[in-house]
Amino acid sequence: MLSRLYTRFRSDTPRLLTLMTATSLLLGASPLQAASFYTQVSSQPPIGVSPLHHQLQQLAPGASGEALRLAAQAIACADPYAERLAVIDYSLPSTEPRLWVFDLHQHALLFEELVSHGRGSGDAVAEVFSNVPESFQSSIGLFRTMNSYYGRNGYSLRLEGLEPEVNDLAFQRAIVIHGAEYVSEEFIAQTGRLGRSHGCPAVREDITYPLIDSLKEEQYVFAYYPDEEWLATSSFLRCGQDDHLQLAQMR
């Protein structure tokens, strides 16, 4: 058993050292105790991966690793004590689940859902994004949730865009989370894609109430797409990098 464990962990020196150090302590332990220890070691994040990123990836393996890595980085920068985080992965087509809602305190996945994009952003796949009113395009970046309300699209959730020139006009544009009949498997079967909004991340009508209630009032939504300019300039994705660069230059 130990030889198999050694093979498994030999590429990861810190873990191997931990394992070897503890093995002698576990020789007198029960099989259940030993199994518990090995499970805990193997569940730790790889070197260079944040615990939150590792947690999100385990809970939502269908999301791209890059989307979750950046979501973890952005929320750690904006609010390290945040309770809830929704991640939208616009690099995926609308025919696939691409919205995940996480309870960060309970380490749980609350929702894995279809979500629409704006009609100006693309057909089945979103490709362009905007902060401009009347563009009918979706916006990317980090949002803070506001209050829920009843509007022309029924029960809805207001969003505050936190990134200047990227999504900070979301409130002005009435970019909100709401339910829509065109977000369904039936619509996909008929058209080959979800219906499209005026830029809002619309969800299935059946889950509108519980999803919005899980996110309202000072929670966060991170909408990802590999947009080169945003990736290079977002302050939430560069949090602490400038300080590290200055320290390196001083040495």
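Q: Is Asp213 buried, partly exposed or exposed, and what is the relative accessible area behind that reading?
A: In this predicted model, Asp213 has a relative accessible area of 37% and is therefore partly exposed, since that class lies between the cut-offs of 20% and 50%.

Q: Which residue forms a salt bridge with Asp213, and how far apart are the closest N and O atoms?
A: The general idea is that side chains of opposite charge can pair when their charged atoms come close. Here the partner of Asp213 is Lys216, with the closest N and O atoms 3.4 Å apart, and Lys216 is itself partly exposed, at a relative accessible area of 30%.

Q: How many salt bridges does the structure hold, and which residues are linked in a network of them?
A: The structure holds nine salt bridges, and a network of such bridges links Glu83, Arg84 and Asp103. Within this group, Glu83 forms a salt bridge with Arg84, where the closest N and O atoms lie 3.8 Å apart. As for accessibility, Glu83 is partly exposed, its relative accessible area being 33%, whereas Arg84 counts as buried at 17%, because buried means under 20%.

Q: What is the N to O distance in the salt bridge of Arg144 and Glu160, and which parts of the chain does the pair link?
A: The side chains of Arg144 and Glu160 meet in a salt bridge with an N to O distance of 3.1 Å. This pair links distant parts of the chain, with Arg144 in strand β4 (residues 141-151) and Glu160 in strand β5 (residues 154-161), the two being 16 residues apart. Arg144 is partly exposed, with a relative accessible area of 22%, and Glu160 also counts as partly exposed, at 31%.

Q: At what angle do helix α4 and helix α5 pack, and how far apart are their axes?
A: Two packed helices are described by the angle between their axes and the distance between the axes. In this case helix α4 (residues 51-59) and helix α5 (residues 65-78) pack at an angle of about 135 degrees, and their axes are 9 Å apart. That angle makes α4 oblique to α5, and α4 passes α5 in a right-handed crossing.

Q: Which residues in α4 and α5 meet, and how many of them are nonpolar, polar or charged?
A: On the α4 side, Leu52, His53, Leu56 and Gln57 take part, and they meet Gly65, Leu68, Arg69, Ala72 and Ile75 in α5. Sorted by class, the contact of α4 with α5 has five nonpolar, three polar and one charged residues.

Conventions: Residues are numbered from 1 along each chain as its sequence is written. This is a predicted model: local features need pLDDT of at least 70, side-chain atom pairs count only at pLDDT 80 or more; totals for chains, interfaces and linings use all residues. Side-chain values use heavy atoms; hydrogens and water are left out. A salt bridge is a side-chain nitrogen of Lys or Arg within 4 Å of a carboxyl oxygen of Asp or Glu. Buried means under 20% relative accessible area, exposed over 50%, partly exposed in between (1.4 Å probe, protein chains only). Helices (H or I, at least four residues) and strands (E, at least two) are DSSP runs, numbered from the N terminus. Axes are lines fitted to C-alpha atoms, for helices over the stretch in contact, and angles run from 0 to 180 degrees between N-to-C directions. Angles under 35 degrees count as roughly parallel, over 145 as roughly antiparallel, 65 to 115 as roughly perpendicular and the rest as oblique. A crossing is left-handed if the near helix is turned anticlockwise from the far one by less than a right angle, and right-handed if clockwise. Contact means heavy atoms within 4.5 Å. Ala, Val, Leu, Ile, Met, Phe, Trp, Tyr, Cys and Pro count as nonpolar, Asp, Glu, Lys and Arg as charged, and the others, Gly among them, as polar.
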